[in-house]
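Biologist: Could you take a close look at one part of this model with me? I would like to follow a single contact and then see what lies around it.

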Amino acid sequence: MRLAAIPPLAIGFATVGLVLGVVEILLLLGLLNQFVIPLPSAVLGSFGRLFAEEQLLERLMMTGSEALAASVLVSIVGISLGVLLYKVRILALATEPWVAAVAAAPVVLAYPLFLVIFGRSAATIIAMGFVAGLAPVILKTLEGLKGVRKSLINVGLSYNLTPSQQFWKIEFPAAIPTIFVGVRLGLVFALINLIGVEFLINFGGLGQLINDLAERYDLAGVFATIVFVILVSVVIFAALERMERWFRPGR
């Protein structure tokens, strides 16, 4: 780890610790309701129980496998459609507003429709994650390709590159940072919807666990599972940042 990255990391952990400490004190003083918000110390203490009794890791693997399948589909189909819209201008003009509208839509509310099509199975969860994450990837891929600097394109033209070479050697590499922003957004949308659907249909991994714990009124367990999901998201974000640096030209 670079030395420059340590101070922000330390400040981030210190801020989280300070907020949790303040909440703990307010709860102990009775200024916040412990029947609504559990003690942070109780939340941290419940992790061992979740791993031992609630098969937290097994449930993470189940949600993770669904998220991986949805992510692969989102990345491949989203980037391909973004490239298609970039190449076919009239298609982009006709569909871009609709794609943007889908990105803003609460896709999770359409889960009854997916239940009818795929049944109460992992296919429903993966399909909803795929649909929820697709629009950001398409839009950011299109934006990245449109935003390639004219000077870079002129360099390719000066070397008499073919259209295919121009795209793969100049335009696509130059658009990679923006494309990865879309992929990150798409994966976040997909993960949120995956866990939301698992919760709603009581099927799957972490979302089902949150549902079970909520029905038992195990507030500490519910909050601990949500914190666990957040930590997993942070790890995924960090992994994607590293992947982006690896793909970025001139790394």
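Is R216 buried, partly exposed or exposed, and what is its relative accessibility?

Modeller: Happy to. Please keep in mind that this is a predicted model. R216 has a relative accessibility of 48%, so it counts as partly exposed, given that exposed means over 50%. Its side chain meets that of E54 in a salt bridge, at 3.0 Å from N to O. R216 sits in the loop between α10 (206-215) and α11, while E54 sits in the loop between α3 (47-53) and α4, so the pair ties together parts that are 162 residues apart in sequence. E54 counts as buried because its relative accessibility is 9%, and the limit for buried is under 20%.

A further link joins α4 and α10. The side chains of R59, in helix α4, and D212, in helix α10, belong to parts of the chain 153 residues apart. They meet in a salt bridge with an N to O distance of 3.9 Å, and both R59 and D212 are buried. The count of salt bridges comes to five. Another of them pairs E143 with K140, with the closest N and O atoms 3.0 Å apart. These two residues lie three residues apart in helix α7 (residues 122-146), about one turn of the helix. E143 has 44% relative accessibility, so it counts as partly exposed.

The largest pocket holds about 1,000 Å³ of space. It is lined by 27 residues, and L9, F13, V16, L231 and V234 are the closest to its centre. Two or more lining residues come from each of α1 (6-28), α2 (40-45) and α11 (219-247), with α11 giving the largest share, 10 residues. By class, this lining has 22 nonpolar residues, one polar and four charged.

The second largest pocket has about 520 Å³ of space. Among its 27 lining residues, A67, L68, S71, L187 and I236 lie nearest the centre. Here α4 (56-87), α9 (163-201) and α11 each give two or more residues to the lining, and the largest share, 11 residues, is from α4. This lining divides into 20 nonpolar, six polar and one charged.

Finally, α9 deserves a look of its own. Its end C-alpha atoms are only 48 Å apart, whereas a straight helix of 39 residues would span 57 Å. The helix bends by about 50° at I176, with a proline, P177, following within four residues. Just after α9, N202 has a positive phi of about 55°.

Technical notes. Residues numbered from 1 in each chain as written. Predicted model: local features only at pLDDT ≥ 70, side-chain atom pairs only at ≥ 80, totals over all residues. Heavy atoms only, no water. 1 Å grid on protein atoms, 1.4 Å probe; cavity = no way out; pocket = protein on both sides within 12 Å on 5 of 7 lines; lining within 4 Å. Points joined across faces, edges and corners; volume = space filled by probe spheres on them. Nonpolar A, V, L, I, M, F, W, Y, C, P; charged D, E, K, R; others polar. Expected span 1.5 Å × (residues − 1). Bend = angle between axes of the 7 residues up to and from the residue. Salt bridge = Lys/Arg side-chain N within 4 Å of Asp/Glu carboxyl O. Buried < 20%, exposed > 50% of the residue type's maximum accessible area, 1.4 Å probe, protein only.
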